[in-house]
Amino acid sequence: MTQSNITSAAAGAVKPSHVRYLILFMLFIVTTVNYADRATLSIAGSAMKTELSLDPVTMGYIFSAFSWAYVLAQLPGGWLLDRFGSKKIYMWSIGLWSFFTILQAGVTWMSTAAAVVCLFLLRFMVGLAEAPSFPANGRIVAAWFPTKERGTASAIFNSAQYFAAVLFTPLMAWIVHTYSWHHVFTVMGAVGIVLALIWGRIIYSPKDHPMINKAELAHIEEGGGLVDMDNRKAAAPASTKGKGYIKQLLSNRMLLGVYIGQYCINVITYFFLTWFPVYLVQERGMSILKAGFVASIPAVCGFIGGVVGGIISDRLIKRGVSVTWARKIPIVGGMLLSMTMILCNYVDAQWMVVAIMALAFFGKGVGALGWAVVADTAPKQIVGLSGGLFNMFGNVAGITTPIVIGYIVKETGSFAGALVFVGVNALITVISYLVIVKEIKRVELKDA
């Protein structure tokens, strides 16, 4: 019997711990606050728009400021993760984005021109600070979870974007209604700073965590978990060969299809994060308080859809379906369902609009398995960098979507064209995964 088999047998005699679920819980909480901080401007937007006399195009550019920095910093953020590890970089990320969120409250005392410039710059800094967050999520899931559990794990942390809307959108709307829009930024920023301190006490790599036992570590490692990922020696080569590695990723047909799909999925995400509450107020005549609570209904459905999509994917793998089709089936089905939002253009009743949006965001949740695909495909040497490249492509949608929708609304005077624009992107995701992406498998890098 080999030494590895002896170790596995010994570990198997002990009941495994479940520390990975604590790690996943922390990822879920952090990602919830992450998305809540991104959405602060959309909730405060209607009140700010009136107070500062902002037109839709100006609002679109302010909405997009976050993503300009977020996209530009993805590759540096991924490199930092591979070089210094997830725990340290993520903790600083949380603290910094929360600090810049608090500062946004100060624009309430500025003139309109100064407020616009300051808001753009502060949103830019929030995007810069948040850049390592999702690559770190994908990196941590790849380290802590075996392949057959990654779909559910990735879906759970990714579904936090909907939970953020469920929990924080009504809260932030109440704050705006009861106090003032600038208090939204102070409250959310303070929450994030506390969370950064908690993160530093709980998060470790699998081999370093004081609470994990050998049985759980063996379960993760034998199932394909990259438990050595944060080893400094393993991370160092990425800093010297990063350019060559990026070229290999960009020349991979499978990954290019995944990148296109993630961009289109994020068009839906950023519509929800930026213009959706404004759509409910401006197009459907709701008050900001009502819109805040109504927006949480599709978010609940998106959250449920996200968890369901991950469970379906992992169960398909356990039943012998290939990883390729176990990931593609929920993605394709979910994106087709999300196209139903276009039907909102043909109904008048508010309850029907909410019901259709709920169905569409349920579908979007089911299909949002991109980070599971990243965990399945990222080269072992550069999981952070690979996740950063994936997230960079995806979040270009955060730049284009608010601006495109701003121009559509300004030129047409309605959101009808905007909903068609978002729905078409869901269709492109389907085409990308069925036509461009072939087999989903881990990329093997060449050192040359």
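What follows is a working chat about a predicted model.

User: Before we start, what should I keep in mind about this model?
Analyst: It is a predicted model in which local features need pLDDT of at least 70 and side-chain atom pairs count only at pLDDT 80 or more, while totals for chains, interfaces and linings use all residues. Residues are numbered from 1 along each chain as its sequence is written, and side-chain values use heavy atoms, with hydrogens and water left out.

User: OK, how many salt bridges does the structure hold?
Analyst: The structure holds four salt bridges, a salt bridge being a side-chain nitrogen of Lys or Arg within 4 Å of a carboxyl oxygen of Asp or Glu. Arg-150, Asp-314, Arg-327 and Asp-376 are linked in a network of these bridges.

User: How far apart are the closest N and O atoms of Arg-150 and Asp-376?
Analyst: The closest N and O atoms of that pair are 3.9 Å apart. Arg-150 lies in helix H8 (residues 147-158) and Asp-376 in helix H19 (residues 370-377), so this bridge ties together parts that are 226 residues apart in sequence. Helices here are DSSP runs (H or I, at least four residues), numbered from the N terminus.

User: And which salt bridges does Arg-327 make?
Analyst: Arg-327 meets Asp-314 in a salt bridge at 3.3 Å, N to O, and it meets Asp-376 in another at 2.6 Å, N to O.

User: Is Arg-327 buried or exposed?
Analyst: Arg-327 counts as buried at 0% relative accessibility, where buried means under 20% relative accessible area, exposed over 50% and partly exposed in between, using a 1.4 Å probe and protein chains only. Asp-314 is buried at 3%, and Asp-376 is buried with a relative accessible area of 6%.

User: Switching to the core, which residues have the most contacts inside the largest nonpolar one?
Analyst: The largest nonpolar core has 133 residues, and those with the most contacts inside it are Tyr-90, Trp-144, Trp-199, Phe-271, Tyr-279 and Met-357. Such a core is a set of buried Ala, Val, Leu, Ile, Met, Phe, Trp, Tyr and Cys residues joined through side-chain atoms within 4.5 Å.

User: Which helix gives the largest share of this core?
Analyst: Helix H14 (residues 253-282) does, with 16 residues.

User: Trp-199 is in H10, so which side of that helix is buried?
Analyst: Trp-199 is one of the buried residues of H10, among them also Phe-185, Met-188 and Leu-195.

Technical notes. Helix = DSSP H or I, 4+ residues; strand = E, 2+ residues; numbered from the N terminus.
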